[in-house]
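Here are some notes to read alongside the model.

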Amino acid sequence: MPLIVAQISDAHLGPRTTLFQANMARIEAVLQAAPPQALVGSGDLSLDGAGRDADLAFAAAAFRRAAGAVPLLTIPGNHDVGSDRRSMPDQPVDAARLARWQAEFGADRFCHDLDGPGGEAWRLIGLNTEIMGTGLAEEAAQASWLRQALEGLGRRRIAAFLHKPAFVNEPTDAFDYWSVPPEARPALAPLLGHPALRLVASGHLHLHRMRRRGEVSYVWAPPASFVCEPEIQSGLVGQRVTGFLRHTLHADHVETELVRPEGLRTPYLEEVRAETYPKPA
């Protein structure tokens with residue numbers, strides 16, 4: 001049988017997000033009924049972990065429960081640890097926020113090998129996109145770590161996981177809130193240009209989309225929480241749905257399935273703003 005990796009993104013969990021908790025419970029039930037070989041949490045697992053310890057702790061407990069006995073592989077999003085000052089001037093990513101993430105989830109990146117009974121051989125690599133373009137020491141350390149993670153692959157194929165996509169449409173995209181800053185993309189070149197790469201799966205956009213570039217599938221994971229109004233996502237095209245992704249890793253390619261458990265809600269941000277990110281009075 002091929003390998004199955006489940007991916008949950010943008011769950012935005014915290015003690016006060018009751019609707020999102022209900023969505024997560026429905027996703028957890030599906031995972032427990034048919035466990036994957038690994039569960040990836042691709043950022044914004046918490047509602048406001050960048051500002052509230054309780055949100056990070058709540059999200060960590062929920063994701064550990066959803067993973068059960070299978071490996072849980074997580075990377076932070078901007079709402080977990082902050083981000084580039086240009087994107088989040090009130091919550092810039094820094095050493096203190098990264099340390100809080102590590103205390104709850106462990107490392108902010110991962111490299112995990114999976115082998116299947118049919119000879120499938122994969123390396124799952126997860127990166128912290130929130131430090132990219134910041135000039136922090138952690139950014140350079142991660143770039144060095146990535147080069148090492150790409151060594152010794154043998155016949156393994158690569159599935160990469162990010163919170164922010166490397167780019168929205170093209171690698172030459174200008175700076176925006178939605179993707180990795182342009183000046184940070186060269187550090188991703190060894191990964192994105194690697195001949196063994198077959199999947200780049202990201203979150204952050206609260207949209208679902210699948211596109212191919214050569215042999216690589218570029219997939220946007222849907223949120224597990226809420227979708228955004230089209231008017232605040234000008235130029236972004238994708239499905240506004242909630243759910244999670246099930247990646248089936250074959251010997252040399254990936255099949256990705258959108259999974260929407262029965263009863264899952266799909267609220268727009270304005271419907272849930274009172275319990276998520278209230279606008280200043």
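1. Some ground rules before the tour. For residue classes, Ala, Val, Leu, Ile, Met, Phe, Trp, Tyr, Cys and Pro count as nonpolar, Asp, Glu, Lys and Arg as charged, and the others, Gly among them, as polar. This is a predicted model, where local features need pLDDT of at least 70 and side-chain atom pairs count only at pLDDT 80 or more, while totals for chains, interfaces and linings use all residues. Residues are numbered from 1 along each chain as its sequence is written, and side-chain values use heavy atoms, with hydrogens and water left out.

2. A cavity is a set of points, on a 1 Å grid over the protein atoms alone, where a 1.4 Å probe fits but cannot get out; a pocket is an open set with protein on both sides within 12 Å along at least five of seven lines, and lining residues have an atom within 4 Å of a point. Points are joined across faces, edges and corners, and a volume is the space filled by probe spheres set on them. There are two cavities of 30 Å³ or more.

3. The largest cavity holds about 70 Å³. Its lining consists of Leu127, Met132, Glu139, Gln142, Ala143, Leu146, Ala184, Ala187 and Leu188. Sorted by class, that makes seven nonpolar, one polar and one charged.

4. The second largest cavity comes to about 30 Å³. Around it sit Ile4, Ala6, Val30, Leu31, Ala34, Pro36 and Arg246. Strand S1 (3-8) and helix H1 (18-33) are the elements that each give two or more residues to this lining; helices (H or I, at least four residues) and strands (E, at least two) are DSSP runs, numbered from the N terminus. Six of the lining residues are nonpolar, none is polar and one is charged.

5. Now for the open spaces. The largest pocket has a volume of about 460 Å³. It is lined by 21 residues, and Asn78, His79, Tyr177, Leu269 and Tyr277 are those nearest its centre.

6. Of its 13 lining residues, Phe167, Val168, Arg209, Tyr218 and Trp220 lie nearest the centre. Strands S7 (197-202), S8 (209-213) and S9 (216-220) are the elements giving two or more residues to that lining. Here the classes run to eight nonpolar, two polar and three charged.

7. Which residues of helix H4 are buried? In H4 (residues 95-105), they are Arg97, Leu98, Trp101 and Phe105, where buried means under 20% relative accessible area, exposed over 50% and partly exposed in between (1.4 Å probe, protein chains only). Seen down the axis of H4, the buried residues fall within an arc of 100°, so they line one face of the helix; the arc is that of the directions from the helix axis to the C-beta atoms. Their cover includes helix H2 (53-67), strand S3 (72-75), helix H3 (78-81) and helix H5 (137-149). Just after H4, Gly106 has a positive phi of about 95°.

8. Ala137 belongs to helix H5 and is exposed, at 60% relative accessibility. The count of disulfides (pairs of cysteine sulfur atoms within 2.5 Å) is zero. Cys111 is partly exposed at 37% relative accessibility, whereas Cys228 is buried at 6%.

Key. Contact means heavy atoms within 4.5 Å.
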